[in-house]
Amino acid sequence: MGPTLVLKICEAGLVGCVGGRIASQAARQILVRRGLLSESAQLPSVPLIMSLSAVACVTLLATYGVTLELAQMAAFLWILLVCSLTDVAAWLIPNGCVLAAMAIRVIYLVIIAFVQGPSVAVGLAIRSLTGAFAVGIPLLVLTLIMDHVLQTDSMGGGDLKLFSVAGAFFGWRACLFLVPLSCILGILFALTGKKGSRAFPFGPAIALSCWLTSLFGAGVVAWYGSLPL
């Protein structure tokens, strides 16, 4: 491992720590403004959040290198971190975070249009829209059916929006890995939560699945394509 690589890893870790701190403060401010957290209160485990963000940034660097994709995915994961913190603290996934994530995707596509040409950007935009609708609409229909059968909310609107955003970022094929993984992680999180409680915040499971998809999604999609019909 050369000194240049070590320096890049350290820089990625430092940026991740700063991003994690900013995400924690952003989540706190959202909760305070909505009256869900007192002015004097602080979110717990800020050092842990900063450490997790640093690890995420280092793994993204290893996957994407120093590229535009790295910046896009890091920003997306920081927004997901904010959503996870607000969801755990107050069962809230802010619409502003969802809009911010989509804005990041749009900015990325605009830059791609200048760097690689409009045709490439248009192709990616079509892929993003297809992914968002192909993931969001079936999940919405399934949720409505489950709500009717169970006579209770099976998935929050914020969760559905996050899944749609994930579809825009990763495409519907990668979401064949992301959505089931989110459900598995959500169940595991629920089992480690309060006994007797059937409800659990789904945001952290979606965020963790998005991170894993950013690392392994391309390989999973390639594996899907290699399967015999």
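**View 1. The buried residues of helix H4.** Cys97, Val98, Ala101, Ile104, Arg105, Tyr108, Leu109 and Ile112 are the buried residues of H4 (buried: under 20% relative accessible area; exposed: over 50%; partly exposed: in between; 1.4 Å probe, protein chains only). They share one side of H4, because their arc around the axis is only 130 degrees (taken from the directions from the helix axis to the C-beta atoms). Their cover includes helix H1 (3–33), H3, H5 and helix H6 (157–170). Leu99, Ile107 and Phe114 are exposed on the other side of H4. This is a predicted model: local features need pLDDT of at least 70, side-chain atom pairs count only at pLDDT 80 or more, and totals for chains, interfaces and linings use all residues. Residues are numbered from 1 along each chain as its sequence is written, and side-chain values use heavy atoms, without hydrogens and water.

**View 2. The span and end of H4.** Helix H4 (residues 95–115) has 21 residues (helices are DSSP runs of H or I, at least four residues, numbered from the N terminus). From first C-alpha to last, H4 reaches 30 Å, close to the 30 Å expected at 1.5 Å a residue (1.5 Å times one less than the number of residues). Glycine 117 follows H4, with a positive phi near 110 degrees.

**View 3. Valine 88 in helix H3.** Valine 88 lies in H3 (residues 68–90). Its relative accessible area is 53%, so valine 88 is exposed. Beyond neighbours within four places in sequence, valine 88 contacts Pro201 and Pro204 (contact: heavy atoms within 4.5 Å).

Note on methods:
Helix = DSSP H or I, 4+ residues; strand = E, 2+ residues; numbered from the N terminus.
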